[in-house]
Amino acid sequence: MLTRSECLQIEREQGSPFYLFDSETFAANFRDFRDAFARRYPHVMLGYSYKTNYTPYVCQLVGRLGGMPEVVSRLEYDLAERVGHPANEIIFNGPLKRRDDLERAFRDGATVHLDAPYEVETLLAFVREHPHTKPRIGLRVNIDLSDDTGASHTQMGYRMGRFGFLPDAIGESVAVLREAGIPVRVLHGHCSSSTRQTWIYQRITKTLCDLAAEHGADTIEDINVGGGFFGKLPRGFGPADAPTFDDYAEAIVATLREHPWAKGREPRLIFEPGVALVANTFSYFTRIVDVKSMRGNRIALADGNVFHTKPSMHAKPQPYAVLRANPHTPAAECVTQVTGSTCMEKDYLLQDVPGSLERDDFVRIDNVGAYTISMSPTFIHPAPAIVMREGSGFRALRRLQTFDHAFAQFAF
Ligand SMILES: Cc1ncc(COP(=O)(O)O)c(C=O)c1O
């Protein structure tokens with residue numbers, strides 16, 4: 001991690017607040033995830049969910065590690081090509097794929113996971129006009145995540161997920177496509193669950209294999225289980241019994257190996273992790289610019305803000321550390337809130353920080369790699385720099401946003 005004097009060096013070069021990326025931890029996450037499966041099954045491929053954090057350097061690193069881009073928009077598709085992936089390495093997901101984006105992906109050989117009947121129609125129209133192109137197609141399956149008690153494990157406790165085709169409708173789409181000469185190559189079952197438990201992935205794997213056996217045995221090459229896995233959690237954060245990569249691999253591979261359809265064919269197992277690879281690889285550093293007393297509370301003001309560390313405003317505590325300007329300051333009362341640089345009451349980065357937080361300390365908030373940078377628009381203050389250690393110094397992966405960047409698309 002960083003010392004306070006390194007924080008000051010980065011602040012001088014790139015401003016404060018800033019993010020620090022740890023590429024070694026990312027590479028270790030990638031390899032540990034992949035190897036947990038590869039030790040148990042020979043045909044494993046990792047996609048990386050770009051939306052989770054599409055810092056281009058991270059996307060490039062995924063390519064160097066042998067991963068595929070999993071993208072859900074033209075923006076991300078363009079980025080995948082820009083960092084050097086040929087289209088045939090791209091997995092194209094998402095509910096909204098515009099007609100020209102779909103046609104480009106069909107033509108260029110990306111793996112396109114159709115999400116709804118309107119995309120099947122677009123595909124059929126495309127192959128009528130371009131009978132010699134051979135799009136590589138998957139179907140996303142909507143899998144019920146109710147447990148034995150009937151409780152839904154879908155994210156936020158929603159009664160059902162909104163994506164993909166119901167299992168009952170898969171047969172019809174496979175048949176229509178087969179008739180048009182388009183084999184379905186992939187069944188895809190990503191689910192965003194609230195609990196990320198192993199049985200969820202067993203259910204996804206089994207459902208996809210059952211459907212492959214019933215409707216597409218001769219054409220399905222890939223079983224894509226999606227993402228949504230727990231990563232390595234900082235001690236004391238997240239559920240104590242969170243499954244490890246090995247737990248997931250054991251459960252998923254056992255399900256696959258037991259399945260009569262998969263036994264004979266050994267389909268490729270594809271994953272699309274985001275959180276599990278990137279969450280613990282970014283930290284956020286912010287300087288304390290003031291500490292004041294208000295109605296018996298000590299309130300610290302940071303130069304960063306909560307929109308950079310948890311734009312979804314989740315209530316889970318985040319791991320943090322204080323880098324003190326003066327380590328000998330006697331312990332004062334607990335700081336009730338570390339508030340942020342915007343004008344929103346809800347902008348607090350931490351609550352109930354024990355010890356003596358003082359002006360000019362830096363606060364480091366860890367585990368901020370997932371759904372932060374890609375989800376925080378410019379709000380009141382420019383988007384902060386992202387740096388990583390390189391040799392004895394630091395390299396900017398993104399520079400502090402300027403006025404010109406922030407307003408480039410506006411008319412004056
Ligand atoms: C289709 C798809 N794949 C993969 C992911 C990555 O999920 P996570 O970042 O939780 O691993 C998502 C996230 O919503 C997704 O929608």
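This is a short tour of a predicted model, stop by stop, for a reader with a viewer open.

Residues are numbered from 1 along each chain as its sequence is written, and side-chain values use heavy atoms, with hydrogens and water left out. Because the model is predicted, local features need pLDDT of at least 70 and side-chain atom pairs count only at pLDDT 80 or more, whereas totals for chains, interfaces and linings use all residues.

**Helix α1**

Begin by selecting residues 4-14, which form helix α1; helices (H or I, at least four residues) and strands (E, at least two) are DSSP runs, numbered from the N terminus. The buried residues here are Arg4, Glu6, Cys7, Ile10, Glu11 and Gln14, where buried means under 20% relative accessible area, exposed over 50%, and partly exposed in between, with a 1.4 Å probe and protein chains only. Just after the helix, select Gly15, which takes a positive phi of about 90°.

**The ligand**

Next, select the ligand together with the 17 residues around it, of which Gly228, Glu272, Gly274, Val275 and Tyr371 come nearest; a residue belongs here if one of its heavy atoms lies within 4 Å. A polar backbone atom of Gly228 is 2.8 Å from an oxygen atom of the ligand, a polar side-chain atom of Glu272 lies 2.7 Å from a ligand nitrogen atom, and an N or O atom in the side chain of Tyr371 is 2.6 Å from an oxygen atom of the ligand. The protein covers 90% of the 400 Å² of accessible area that the ligand has on its own, as given by the Shrake-Rupley method with a 1.4 Å probe.

**Two loop residues**

Move to Asn142, in the loop between β6 (136-140) and α7 (167-179), which counts as buried because its relative accessibility is 12%. A polar atom of the Asn142 side chain lies 2.9 Å from the backbone oxygen of Gly161.

Finish at Tyr54, in the loop between β2 (44-49) and α3 (56-64), which at 28% relative accessibility counts as partly exposed. Leaving aside neighbours within four places in sequence, Tyr54 is in contact (heavy atoms within 4.5 Å) with Cys59, Leu75, Glu76, Leu79 and Ser374.

Methods: A polar contact is a pair of N or O atoms within 3.5 Å; within protein, one must be able to donate a hydrogen and the other to accept it, and residues adjacent in sequence count only if both atoms are side-chain atoms.
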